[in-house]
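The following questions and answers go through one protein model, part by part. Keep the sequence and the structure in view while reading.

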Amino acid sequence: MESNAIANPLQAIKYTRGNLQLLDQRLLPFQTVYLEVPDVKAAWTQIRDMVVRGAPAIGCTGALAMAVELNNHKDAGKAFSSVQEAVDFINTTLDYLVTSRPTAVNLADAAAKLKAATSAAAAAPAATPTSVCGAVIAAAEAFLEEDIAANKAMGATGAAALLSAARAAGRGVGGRLRVLTHCNTGSLATAGFGTALGVIRALHEQGALEHAFCTETRPYNQGARLTAFELAHDGLPATLICDSAAAALMAAGQVDAVVVGADRVVANGDTANKIGTKSLSISASHFGIPFFIAAPTTTLDPELPSGEHIVIEQRPQEEVTHFRGVRVAAEGVNVWNPSFDVAQAPLIAGIITEKGMIPKKEGAFQVRDFMSQLGLWQPPAPAPAPAQDPTSSTPSSSTAAATPAGFRALDCESVRHFVAARPGLQQRVGPADSVESWSVREVGDGNINFVFILEGPAGGLCVKQALPYVRCVGEDWPLTQDRMRIESEALAEEAACCPEHVPAVHLYDPAMALMAMRYLAPPYIILRRGLVAGRTYPQLAPHMGSFLAKTLFHTSLIRLDSSTFRSKVARFSNDAMCRLTEQVIFTEPLMAAKNNRWTSPQLDADVAALQSDPAARAALSGLKGLFCGRPQALLHGDLHTGSIMVTESETAVIDPEFAFYGPMAFDVGKILANLLLAYFAAEGHEATEGAGARQEQKAWLLSCIRDTWEGFSSLFLQLWGQLGGAGDLYPAALVAGEALEACQREFMGQLWHETVQFMGAFIIRRIVGIAHVADLESIADPDTRAACERRALRFGRRLLVEGSRGSAPLAAVADLTREAEVAK
């Protein structure tokens, strides 16, 4: 092929030791002005104000600004009195730099690498502040050359991939391609050559580029101002189009392939890039055009499981409402102006890196495996299993998982600054100048984590942090912080199945064991609090039936192929939390254990009788075996009335930190048991509120149990009929017609029997075990409370031992509610 090598490439970054200059890309294409970057503060401002943009260029800028700061303002380390002082300054300064742009991962990656260089240099024999700073400066300077080399390797790999995919799709003009790109991903977005634009340059150099199309792109019209400028500068055949014209261009048969850059590529291949990328991926899929991502490995983020976890920056509304300082939009109109969106992995034909193409399997890219094989990432080590005497009160402290480097427990003041330093979160609460006026409170009433609510002029945010121990016990009971990863990934899975009843997650921070998510503002209330107050919620049963059916069905082997199913089972191996459940639900309540407590002396005889009951012990042991040995579906794992937020018309399920693959009856039984506990507690509340005060609520609670099961089972069977044949457990080729109906009857009958038994276990543990419920605990008079608990305890024992007694499920629900009435 002919060669079209490009001379005099553009430079977005100019650097010599002690001097950093950035091409002010806001002024292009009309002015070429380089701005000095004398220190880190100036770099922060210029990154934030988009003087420099493009994830790789931002990462290089941050690293080199750190080098300039150390060289010019800390005399290359001589200004520090100790190694530790130098280390603290470097780490704090890098943290500050990262806050300038949260969506692009390269800046955070550069900061992490410089921190690693700092740590290594500080640990070296005879380390000095000068040697530490020298190592950091050298590491920062290496970013420039490494980025250019990576971009050229990416261009060669990408050119080959686009040519191959286009030929396979029957596209191209005489072996030459018409390629569409979006945003700016060339020399102006990197240290040189470019990522996606580098692929186009490589095609041009090979004589394989027929034509390049670039979109205008928001914000700042980066495609029109910058990409078009680069294409014209390099003499490539090119045409500029409006963002909204891309689909029409594809429909006209003028596009053979699409290649765009990335600001973050997460574990499954979902990719955040400039706003409009999602639309391009959808249009390309519709027209059968291969759609590629070109991104260096520094842009890969294996910690985030999917695109739902990516923080999306919001730009100022003036970028939409004004033109050259003059308002062009009507006063009073609201503006939604995100900088980025996310293209889903199934729509992406390939992800091009400097290390080759990332493998794709069953619609998801294997980012973690790819990075692991390159030595760029290691999966977190599983938490060691507790080894202890089951009669002891807490696990041995030696079994605790290591606390992540950089972890610090937040309080109401520090969580304010954590959020304020992350624009993607800060903007959900209020503008930067309003931070000190934000309302911050800690509201976690659970036994495990801290939960902070932040409210300000723009709205609210919920921040949840996992401490390295059980909150209600303290440091004597250590607990893995990986539970926060499990929770964030479980919320993403549940949202994919049932988005109407799962709040969105805005950020997962593994180092801080922290998750930021949608704040469910009033009139939302925790369901348990509403029940204690005597309220009823007419939509609860249909909503919970839908949530249970969708989440349990879509994550089960009835719906999934066995390979996908097994990968999910492994991904949600939540050993530490499962062992906690085994201890506090399936072991301690029916034995002498220090964690147990009950209303004493009123229930002493009842508890003694229950704990010496061989039938109850045998039934509980059987349930423990079921819990440990049957991975049927992804469970919420802690689906009680404290994990559900409600209004009169809405329901949202939160807190799946105990999520794991287990028996479906566990989730179904837990929520039904908690409704029964509220029912039994209602008698006690009537003692203070007056006879008959809770009659309406009691009748609703019993009907809610019946309607939740009925709604769940009906929708579950409906989904099974529609989609179950595609799964590996009951494939349509093997099970259909009468055989399918027989399988469904047996499955649902067994599920109901196990649900009833689990209900019994849950009722018992909430009266005898370590963690009780406010429904009963809020009954002030101990004799009244004990009378309610005694009825519940006896009924719970009956459910545990007898199950559904072979009744058809719906008939058994009616029997159960009648028995609850007479269990008084």
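Q: In which loop is D638 found?
A: This is a predicted model, in which local features need pLDDT of at least 70 and side-chain atom pairs count only at pLDDT 80 or more, while totals for chains, interfaces and linings use all residues. Residues are numbered from 1 along each chain as its sequence is written, and side-chain values use heavy atoms, leaving out hydrogens and water. Helices (H or I, at least four residues) and strands (E, at least two) are DSSP runs numbered from the N terminus. On that basis, D638 is found in the loop between β27 (633-635) and β28 (644-646).

Q: Is D638 buried or exposed?
A: Buried means under 20% relative accessible area, exposed means over 50%, and partly exposed lies in between, with a 1.4 Å probe and protein chains only. The relative accessible area of D638 is 12%, so D638 is buried.

Q: With which side chain does the side chain of D638 make a polar contact?
A: Contact means heavy atoms within 4.5 Å. Not counting residues up to four places away in sequence, D638 touches S643, D655, F658 and K670. A polar contact is a pair of N or O atoms within 3.5 Å; within protein, one must be able to donate a hydrogen and the other to accept it, and residues adjacent in sequence count only if both atoms are side-chain atoms. At 3.3 Å, the partner of the D638 side chain is the side chain of K670.

Q: Why is one side of β6 and of β16 left without a neighbour in the sheet?
A: Two strands pair if DSSP finds at least two bridges between them. The open sheet has 7 strands with mixed pairing, in the order β6-β5-β4-β7-β10-β15-β16. One side of β6 (238-241) and of β16 (356-357) is left without a neighbour because each stands at an edge, with a single partner strand.

Q: At about what angle to β10 does helix α9 run?
A: Axes are lines fitted to C-alpha atoms, for helices over the stretch in contact, and angles run from 0 to 180 degrees between N-to-C directions. Helix α6 (residues 196-205) lies across β4 (177-181), β5 (209-215), β7 (257-260), β10 (291-294) and β15, at about 165° to β4. Helix α9 (residues 277-286) also packs on the sheet, where it touches β4, β7 and β10. Its direction makes an angle with that of β10 of about 145°.

Q: Which residue does UniProt list for "active site"?
A: UniProt positions are given in the numbering used here, feature names are shortened, and annotations may be inferred rather than shown by experiment. The residue listed lies in the loop between β7 and β8 (264-266), and it counts as buried at 8% relative accessibility. In the UniProt record, an unreviewed entry, the "active site" is D263.

Q: How many residues does the largest nonpolar core have?
A: A nonpolar core is a set of buried Ala, Val, Leu, Ile, Met, Phe, Trp, Tyr and Cys residues joined through side-chain atoms within 4.5 Å. Those with the most contacts inside the largest core are L540, L552, L676, F712, F716, F747 and I767. Apart from it lies another core of 45 residues, among them L22, V51, M66 and V136. The number of residues in the largest core is 122.

Q: Which residue joins P523 through a cis peptide bond?
A: The place of P523 is in the loop between β25 (514-518) and β26 (525-526). Another cis peptide bond, with omega about 10°, joins S600 and P601. For P523, omega is about 20° and the residue joined to it is P522.

Q: Is M50 buried or exposed?
A: M50 is in the loop between α1 (40-48) and α2 (55-73). Its phi is positive, about 65°, although M50 is not a glycine. With a relative accessible area of 1%, M50 is buried.

Q: Is A126 buried or exposed?
A: A126 lies in the loop between α4 (105-123) and α5 (129-168). A126 is not a glycine, yet its phi is positive at about 60°. At 74% relative accessibility, A126 counts as exposed.
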